[in-house]
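Visitor: Please put the structure up. I have some quick questions.

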Amino acid sequence: MPIEPAASASPQDDLALLGLLQLVSPALPIGAFAFSQGLESAFELGWVTDETSLAEWLSGVLEDGLTRCELPVLARLHEAIGQADSESIAVWEEWLAATRETAELAAEDSRLGVSLKRLLGSLDLLPDEGLLPSQAGYVTLFAFAAHRRGVSVRQTLLGFAWAWLENQLAVACKALPLGHTAAQRVIETLRPALVAAVDQALSLDDDELGPVLPGLALASALHETQYSRLFRS
């Protein structure tokens with residue numbers, strides 16, 4: 001006897017989910033694997049040394065960084081893109097650029113943005129001329145790609161947070177003696193925190209936004225001149 005599909009499911013929902021999975025996949029060829037966001041320096045400085053301290057570091061970056069910066073701005077960009085509001089998009093793109101406290105963090109956002117734009121072009125998914133700034137960064141292009149795929153605002157934020165967490169754990173597995181099973185335990189620890197971060201991000205007013213990550217900024221700045229490193233500055 002065939003199983004009836006869920007009444008709430010639709011081909012559009014399925015395509016949106018698959019589009020989000022494509023966008024957050026580590027196999028997406030935009031070069032995110034090349035950046036550590038200061039985490040490699042945190043290893044070098046002895047701030048992060050094991051599974052427990054890694055989970056604490058990531059929890060702090062999520063709470064004081066993504067929750068107050070990338071995630072709420074993603075929601076605003078998603079809405080602005082849906083309304084074809086190029087002025088608001090430009091404002092939030094400039095705001096994001098102003099929060100990048102080191103050359104390394106700024107370079108990551110801009111280079112991933114260039115790579116994602118090139119990929120979208122190869123898939124015939126580029127936006128209409130003038131909608132996005134010509135030098136739009138990764139967060140803005142991610143918001144556009146998710147909206148174009150029909151992904152809801154909330155799922156866009158969850159996907160972005162998941163991609164960030166997976167990338168950070170990939171960094172840890174390469175640069176810190178951390179096994180893949182330990183990385184999965186960190187995911188189990190932080191999965192509820194990702195959901196809570198999205199909830200909080202969606203509740204913040206504009207004047208409540210702004211990352212508070214002096215330790216990450218310092219680690220990122222030191223990474224630019226770190227003698228031995230695996231990841232790009």
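Visitor: Start with the second largest pocket. How does its lining divide into nonpolar, polar and charged?
Guide: Seven residues are nonpolar, two are polar and one is charged. Ala, Val, Leu, Ile, Met, Phe, Trp, Tyr, Cys and Pro count as nonpolar, Asp, Glu, Lys and Arg as charged, and the others, Gly among them, as polar.

Visitor: What am I looking at, by the way?
Guide: A predicted model, where local features need pLDDT of at least 70 and side-chain atom pairs count only at pLDDT 80 or more, while totals for chains, interfaces and linings use all residues. Residues are numbered from 1 along each chain as its sequence is written, and side-chain values use heavy atoms, without hydrogens and water.

Visitor: Back to that pocket. Which residues line the second largest pocket?
Guide: L20, L21, V24, Q155, L158, G159, W162, R191, L194 and V195. Its space is about 210 Å³. On a 1 Å grid over the protein atoms alone, a pocket is an open set of points where a 1.4 Å probe fits, with protein on both sides within 12 Å along at least five of seven lines; lining residues have an atom within 4 Å of a point. Points join across faces, edges and corners, and volume is the space filled by probe spheres set on them.

Visitor: Which helix gives the most to the largest pocket?
Guide: Helix 8, with seven residues. By class, the lining of the largest pocket has 22 nonpolar, six polar and seven charged residues.

Visitor: New topic. How many cavities of 30 Å³ or more does the structure hold?
Guide: One. A cavity is a set of grid points where the probe fits but cannot get out. The largest cavity has about 90 Å³ of space.

Visitor: What lines the largest cavity?
Guide: G19, Q22, L23, L28, L116, L119, L120, L123, L125, A145 and R149. Helix 1 and helix 6 each supply at least two of the lining residues. The lining splits into eight nonpolar, two polar and one charged.

Visitor: Now packing. At what angle do helix 3 and helix 9 pack?
Guide: About 20 degrees, and the axes of helix 3 (residues 51-64) and helix 9 are 10 Å apart. Axes are lines fitted to C-alpha atoms over the stretch in contact, and angles run from 0 to 180 degrees between N-to-C directions. Helix 3 and helix 9 are therefore roughly parallel (under 35 degrees).

Visitor: Which residues make the contact?
Guide: From helix 3, E51, L54, A55, L58, S59 and L62; from helix 9, A182, R185, V186, L190, A193, L194 and A197. Contact means heavy atoms within 4.5 Å. The contact of helix 3 with helix 9 has ten nonpolar, one polar and two charged residues.

Visitor: What about helix 3 and helix 8, at what angle do they cross?
Guide: Roughly 150 degrees, with axes that come within 12 Å. L54, W57, L58, V61 and L62 of helix 3 meet W164, L165, Q168, L169 and A172 of helix 8. Nine of these are nonpolar, one is polar and none is charged.

Conventions:
Helix = DSSP H or I, 4+ residues; strand = E, 2+ residues; numbered from the N terminus. Parallel < 35°, antiparallel > 145°, perpendicular 65-115°, else oblique.
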